[in-house]
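These notebook entries record what I looked up in one structure. I took each topic in turn.

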Amino acid sequence: MRSLEQLVAQVHRAQDARTRRYLEHAGLRVSCRAGCAFCCHALVTVGLAEAQYLRKRLEPHVLERLEVEGVARLQRIRREKHSADFPGRYFAEANPCPLLTPEATCSAYSARPLACRGVLTDLEAHYCAPGAIPELKGEKLLRYRQQLRPYHGPEHYLKRPWRSSERLAHSLWAQEQALRGFTVVGELASMLYLLGQEEFQAALVQGKRAVRDHLKGLGVLGGEWGFWVD
């Protein structure tokens, strides 16, 4: 849907503008740079419209990588969607996003979803490494805690961009529901993979009930960390 593509581009611009204004007003400089990709090892939640927008902008070699990675992530979701600590354990394993390049940059940076746009920090980048915070002890832990400010949270990430991206994502899902009649929300890599599968594409055409049945058949519907359709 052309209107949904325009809507996604609009909310991405809105998030970027909000972040710029906030950083300028607060006098903050983020430590996030090209080549620093620690946060790109986390599970990312994305809605259907953003996933479709992103997939159209992926290079062929990335789509090929998703054919393998998407299956693996769907299997993990099916097994562990009811485990409360699944995202934390997955991040600690340092599984890279399939969109990462060998230079540790995002191959689709300009089209990255809201969940990625909201993750920023002004502290040293090494704190973002998988498993870094749980491993802090003694003086190192004290030094880390002394650097935290009221504008941080969760942990050392900047609170305002994080919350803004969440609000815009929920708003986008609601607008997609109004335009399409439903939305699908799930893990990024596996959603991108599903969008390349004929069965899932056919279910999207048939509507909400068909999509729910398809995801249920895959074993990834529901649970704390599974897909949901609304």
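Is Glu-155 buried, partly exposed or exposed? I worked from a predicted model, and there I found that Glu-155 counts as partly exposed, at 45% relative accessibility.

Entry on the loop between H7 and H8. I located Glu-155 in this loop. I noted that Glu-155 has a positive phi of about 50°, although it is not a glycine. Pro-154 also has its place in the loop between helix H7 (138-147) and H8. I recorded that the peptide bond from Gly-153 to Pro-154 is cis, with omega near 0°.

Entry on Ala-94. I looked up its backbone and found a positive phi of about 60°, although Ala-94 is not a glycine. I placed Ala-94 in the loop between helix H4 (86-92) and helix H5 (114-117). With a relative accessible area of 35%, Ala-94 is partly exposed.

Entry on helix packing. I noted that helix H2 (residues 48-55) packs against helix H8 (residues 159-180) at an angle of about 90°, and that their axes are 9 Å apart. Angles of 65 to 115 degrees count as roughly perpendicular, and H2 and H8 are therefore roughly perpendicular to each other. On the H2 side I listed Leu-48, Ala-49, Glu-50 and Gln-52, which meet Leu-172, Glu-176 and Arg-180 in H8. I sorted the residues of this contact into three nonpolar, one polar and three charged.

Entry on cavities. A search of the whole structure gave me one cavity of 30 Å³ or more. I recorded a volume of about 60 Å³ for the largest cavity. Its lining includes Cys-40, Arg-73, Pro-98 and Glu-187. By class, I noted seven nonpolar, no polar and two charged residues in that lining.

Terms used. Residues numbered from 1 in each chain as written. Predicted model: local features only at pLDDT ≥ 70, side-chain atom pairs only at ≥ 80, totals over all residues. Heavy atoms only, no water. Axes fitted to C-alpha atoms, helices over the stretch in contact; angles between N-to-C directions. Helix = DSSP H or I, 4+ residues; strand = E, 2+ residues; numbered from the N terminus. Parallel < 35°, antiparallel > 145°, perpendicular 65-115°, else oblique. Contact = heavy atoms within 4.5 Å. Nonpolar A, V, L, I, M, F, W, Y, C, P; charged D, E, K, R; others polar. 1 Å grid on protein atoms, 1.4 Å probe; cavity = no way out; pocket = protein on both sides within 12 Å on 5 of 7 lines; lining within 4 Å. Points joined across faces, edges and corners; volume = space filled by probe spheres on them. Buried < 20%, exposed > 50% of the residue type's maximum accessible area, 1.4 Å probe, protein only.
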